[in-house]
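Please examine the sequence and the structure shown below.

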Amino acid sequence: PLVRRVLHTTRPLHTTQQSLAPVPPLPEKGGEVRHGLIPEEFFQFLYPKTGVTGPYMLGTGLLLYFLSKEIYVVNHETVAAACILSVIIYAIKKFGPRVAAFADKLNEEKLATALAMKNEAIQALQTAIEEEKKEQWRVGGSSYLFDAKRNNIAMLLETNYRERLLTVYNEVKKRLDYQVAMQTLRRQKEQDYMIQWVEKNVVQSITPQQQKESIAKCILDLKALSKSAHAAV
Amino acid sequence: MNLAFFDQFSSPSLLGIPLILISMTFPALLLPSLSNRWIPDRLATLQLWLINLITKQLMTPLDKKGHKWALILTSLMIFLLLVNLLGLLPYTFTPTTQLSVSLALAFPLWLATLLMGMRNQPSVSLSHLLPEGTPTLLIPALVLIETTSILIRPLALGVRLTANLTAGHLLIQLIATATTALLPTMPGVSLLTLTILLLLTILEVAVAVIQAYVFVLLLSLYLQENT
């Protein structure tokens, strides 16, 4: 794949789609390497002429040539080189997979936050849609609501009218009761006055003679009664 | 080519052309070039993560004005890290073992922090010469001492870096020579020296990283004081 890290002016204007996105995906694995250093293509390149052992023979031969002709002199640097290279190789073998997993985790987290944002937005929109649908259904049932409200109001009006009717009735009754009470009072008063007048006249008409006669008769009656009472005891 | 002990510290030149510039700019080529992908390959991810970590660490104690230094401090840190670590490979030349390189990095940057402080807030800058709570009798002596300490800072920065790296490289060479010399006569002792060399190499890796960090950290500290 063409690497597109070029200036915009050198971008082919009319021969390709003029957009930088979507970027082609990265390959799954890097180039194949043997012994961590030498690309596989080198081995494939030498395979037709020399077979499988070709590159190894080349390497060994070169190394021995350098050593024997003292083009490469074994001195203290060799020992130092052996040390540092062993440290490097040990570090890579031991921590390599962990570092790769760490890098992958970083990328995963980036992707995950973006995906989470996207999903949250979708979720929010979904709930908004459902809310909207519910609101629409609610609006559909509003005629029932209005009927109930109308009934309510009619009942209120009716109650109010009845109450006022009752007040009127009570007021009228109070006035009529007052009149009735006045009449009874007047009749009572007349009756009392009449009785008093009759009693007064009767008491006045009792003469002294009649008084004496009636007292004597009472005494005689009492005596007779006491005699019969004595006898009973 | 039989090497004397100090050959690795001589400035490299090919046919009279000094190669020090190449040795200083080559490490930058090893860093993966950033593509404009949102999720890049592993190497680029790790590099981005490292740069973020370094920048955050350096910039947190500084205030807004100090953030202008983010780029230079981070790139300085990456440069020193790379150069120091690459110098541990055999037959390589570490530019920071040259005093000229170290001082050339330390002096201008230190001077820049000093001048910034003196120019923008001279009284605050000068007040750093006298720490709080010193008894009155000691004040003159302490001002002199603090001035000396300020003036010595760039030298200290540069020489610290150079001395640490040079000493490390030299030790590696010496112990490696000892191992090579003892190998024919006393292989057992040779093995012992080899073990020491291994441990020393691990130490040198650590020193390489730490020295880079200390350099940049101290610079940011001087910046903090003067911003």
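With which residue does B:Arg42 form a salt bridge? The partner is A:Asp104, and the closest N and O atoms of the pair are 2.9 Å apart. The model in view is a predicted one. One salt bridge is found by the rule across the interface of chain B and chain A. The rule for polar contacts finds eight residue pairs across this interface, with both residues at pLDDT 80 or more. On the side of chain B that touches chain A, the elements that give two or more residues are helix 2 (42–59), helix 6 and helix 7 (187–226) of chain B. By class, this side of chain B has 19 nonpolar, nine polar and three charged residues.

The extent of the contact may be considered next. Chain B contributes 31 residues to the contact, and chain A contributes 29 residues. About 2800 Å² of area is buried between the two chains, and carbon and sulfur atoms give 70% of that area. In chain B, the residues that lose the most area to chain A are B:Arg37, B:Trp38 and B:Tyr91, which together account for 21% of what that side buries.

Attention now turns to empty space. Rolling a probe the size of a water molecule over the atoms shows where such space is left. The structure holds one cavity of 30 Å³ or more, and the largest cavity has a volume of about 160 Å³. Its lining consists of 16 residues; A:Glu77, A:Ala80, B:Leu88, B:Leu89 and B:Ile172 lie nearest its centre. Helix 3 (76–140) of chain A and helix 6 (139–182) of chain B each supply at least two residues of this lining. Helix 3 of chain A gives the largest share, five residues. By class, the lining has eight nonpolar, seven polar and one charged residues.

Technical notes. Residues numbered from 1 in each chain as written. Chains lettered and ligands numbered in written order. Predicted model: local features only at pLDDT ≥ 70, side-chain atom pairs only at ≥ 80, totals over all residues. Heavy atoms only, no water. 1 Å grid on protein atoms, 1.4 Å probe; cavity = no way out; pocket = protein on both sides within 12 Å on 5 of 7 lines; lining within 4 Å. Points joined across faces, edges and corners; volume = space filled by probe spheres on them. Helix = DSSP H or I, 4+ residues; strand = E, 2+ residues; numbered from the N terminus. Nonpolar A, V, L, I, M, F, W, Y, C, P; charged D, E, K, R; others polar. Contact = heavy atoms within 4.5 Å. Buried area = accessible area lost by both parts, 1.4 Å probe. Salt bridge = Lys/Arg side-chain N within 4 Å of Asp/Glu carboxyl O. Polar contact = N/O pair within 3.5 Å; in protein donor to acceptor, adjacent residues only side chain to side chain.
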